[in-house]
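This briefing is for a reader new to the structure.

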Amino acid sequence: MASPATSSAVLVVVLVATLAAGTANAATFTITNRCSFTVWPAATPVGGGTQLNPGQTWTINVPAGTSSGRVWGRTGCSFDGAGRGRCATGDCGGALSCRLSGQPPLTLAEFTLGTSGGNRDFYNLSVIDGYNVAMSFSCSSGVTLTCRERSCPDAYQYPSDDSKLRSCNGNSNYRVVFCP
């Protein structure tokens, strides 16, 4: 029979390995507001939403295997203490923490993480639902996409515009910048 010290050491190793495995495949999204005005970024299916004053950053962890993820900026928002309110652009049912996609117009950063056996992530910018705020979107192992106007060349303009889809290594981290 193992000694209590040996059993405790094995338990610690198993716990550390379990925790590391649970976070090793999460992608960190760092979202920064470089605009001269407040932006209320939203993220689905993970993240919800928050208020970002100029110069502030919001970080969210998104699990590998997340598909059809979205990040967008909302503008002209006003919320009460319970997180209920309204945004002039990108509103998601009057909630600060979004569970629904935003209403047009909105510039979208879209992503799917860990496809093809976890080896590839896919991401793009889209103005199919309109344009409301300048945005850049990049992964740590891919190119930066930037959209500063409605007709930006880095963004999907219509649904079958597949030349705009980018890929990067699985387990990459991401950066979204408003007003890059």
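Which residue in E14 does phenylalanine 29 stand opposite? Phenylalanine 29 stands opposite tyrosine 174. This is a predicted model, in which local features need pLDDT of at least 70 and side-chain atom pairs count only at pLDDT 80 or more, while totals for chains, interfaces and linings use all residues. Residues are numbered from 1 along each chain as its sequence is written, and side-chain values use heavy atoms, with hydrogens and water left out.

**The sheet**

- An open sheet is formed by five strands in the order E4-E1-E14-E10-E11, with mixed pairing. Strands (E, at least two residues) are DSSP runs numbered from the N terminus, and two strands pair if DSSP finds at least two bridges between them.
- Strand E4 (57–62) and strand E11 (144–147) are the edge strands, each pairing on one side only.
- On average, neighbouring strands of this sheet are turned by 15° against each other, direction ignored. Axes for such angles are lines fitted to C-alpha atoms, and angles run from 0 to 180 degrees between N-to-C directions.
- E1 and E14 run parallel and are joined by five bridges.
- Strands of a sheet pair through backbone hydrogen bonds, either parallel or antiparallel.

**The disulfide of cysteine 35 and cysteine 179**

- The structure holds five disulfides, a disulfide being a pair of cysteine sulfur atoms within 2.5 Å.
- One of them joins cysteine 35 to cysteine 179, with an S to S distance of 1.9 Å.
- This disulfide is right-handed because the torsion about its S-S bond is about 85°.
- Cysteine 35 lies in the loop between strand E1 (27–33) and strand E2 (40–44), and cysteine 179 in the segment after strand E14 (174–178), so the pair ties together parts 144 residues apart in sequence.
- Cysteine 35 counts as buried because its relative accessibility is 3%. Buried means under 20% relative accessible area, with a 1.4 Å probe and protein chains only.

**Other disulfides**

- Cysteine 92 and cysteine 98 form a disulfide with their sulfur atoms 1.9 Å apart; with -75° about the S-S bond, this link is left-handed.
- Cysteine 92 is buried at 3% relative accessibility, and cysteine 98 is buried with a relative accessible area of 5%.
- In the disulfide of cysteine 147 and cysteine 152, the sulfur atoms are 2.2 Å apart. The torsion about the S-S bond is about -85°, so this disulfide is left-handed.
- Cysteine 147 is buried at 0% relative accessibility, and cysteine 152 is buried at 2% relative accessible area.

**Pairing pattern**

- With the bonded cysteines of the chain numbered in sequence order, the pairing is 1-10, 2-3, 4-5, 6-9, 7-8.

Definitions and conventions:
Helix = DSSP H or I, 4+ residues; strand = E, 2+ residues; numbered from the N terminus. Buried < 20%, exposed > 50% of the residue type's maximum accessible area, 1.4 Å probe, protein only.
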